[in-house]
Amino acid sequence: CEDVREDPFYKLVFPTMDMLIEEHREKLEKAHKAGDPVKLIKPVAEIREDLNPHPAGQKELNAPKEDKLTGVQHKYSETVLVFPAAAQTCHAYCTYCFRWAQFIGDDELRFAQKEATSLFEYLAEHEEVSDILMTGGDPMIMKTKSLAQYLEPLTDPNFLPHIKNLRIGTRSLSFWPQRFTTDDDADECIELLRRVREQ
C-alpha cells in the first residue's frame, strides 16, 4: 500500500478525522488551528458528551445493583463480565472499540472492579452463571500478582463449581507477546494460567 493511511489494519487501529460527524470534525479542526494543544481539551470533552459511552443500556440495565460491584456486568444469564480496576488500559486504542469510556479518566463512566471477593460472592449466589469474561481495557496488562486475585481461587475445582469457562479478552498476544515470554513475571503468569486451565 503506497499510503499507509489506506491500509485496512491502519484504519482499524488508528482513529482518523473522517470517523467524526461533520460538526465534530469542524469543532476539532478549529481548535487545532489555534496551535495550542490545551485548546483541544474542551472540544474533545464536548464531542465525548455527544457520544454514547454505554450502548444498549449496559450501565443501567446490565450492572448488578450492589455498591461493591463497581466493575461487573451480568449482561447474559450465563455470563458475567468483570472489569478489573488494574486492567483499565489497553495495548491499542482500536477504532472499533466500544470501551473508550474505560480509558478517558472519568470515574463516572468507567466500570472498575477494585477487588475479587465481592465478585465471587455474587457468583456464589448466581449458579446460573457458567462463564466469566474478564475484560477492560486488557486484563493481561495486569501484573500476575493482581491477576491472581481473580484467577487463583479458580484453581480449586470445588470453588464455584458451576463456573465452566473463563475467558480473558486480551490483545496482548498480538500487541505485547512479551507478556508471556520475557516480562519479569511471564513465567509466573504462564504457570497461573496453566493451573487454571487444568481445573
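Modeller: Leu160 counts as buried, with a relative accessibility of 9%; buried here means under 20% relative accessible area, exposed over 50%, and partly exposed in between (1.4 Å probe, protein chains only). This is a predicted model, in which local features need pLDDT of at least 70 and side-chain atom pairs count only at pLDDT 80 or more, while totals for chains, interfaces and linings use all residues. Residues are numbered from 1 along each chain as its sequence is written, and side-chain values use heavy atoms, with hydrogens and water left out.

Leu160 sits in the loop between H6 and S4; helices (H or I, at least four residues) and strands (E, at least two) are DSSP runs numbered from the N terminus. Its backbone deserves a look too: Leu160 has a positive phi of about 45° although it is not a glycine.

Now follow Leu160 to a partner. Leaving aside neighbours within four places in sequence, Leu123 is in contact with Leu160, and also with Val80, Val129, Ile132, His162 and Ile163; contact means heavy atoms within 4.5 Å. Leu123 also matters to the largest nonpolar core, a set of 26 residues in which Leu119, Leu123 and Leu147 touch the most other members. Such a core is made of buried Ala, Val, Leu, Ile, Met, Phe, Trp, Tyr and Cys residues joined through side-chain atoms within 4.5 Å. S2, H5, S3, H6 and H8 each give two or more residues to this core. In soluble globular proteins, nonpolar side chains tend to be buried together.

Helix H6, which spans residues 144-151, has Thr144, Leu147, Ala148, Tyr150 and Leu151 as its buried residues. Viewed down the axis of H6, they fall within an arc of 160°, so they line one face of the helix; the arc is that of the directions from the helix axis to the C-beta atoms. The buried residues of H6 pack against strands S2 (79-82), S3 (131-134) and S4 (165-168), and against helices H5 (117-125) and H8 (186-198).

The C-alpha atoms fill a box of roughly 60 × 40 × 25 Å along the principal axes. Of the 199 residues, 37% are buried. Among contacts between residues at least 6 apart in sequence, 71% join residues at least 24 apart.

For a sense of distance, take Glu29 in helix H2 (residues 22-33). Glu29 counts as partly exposed, at 36% relative accessibility, and its C-alpha atom is separated by 55 Å from that of Pro161, 132 residues away along the chain.
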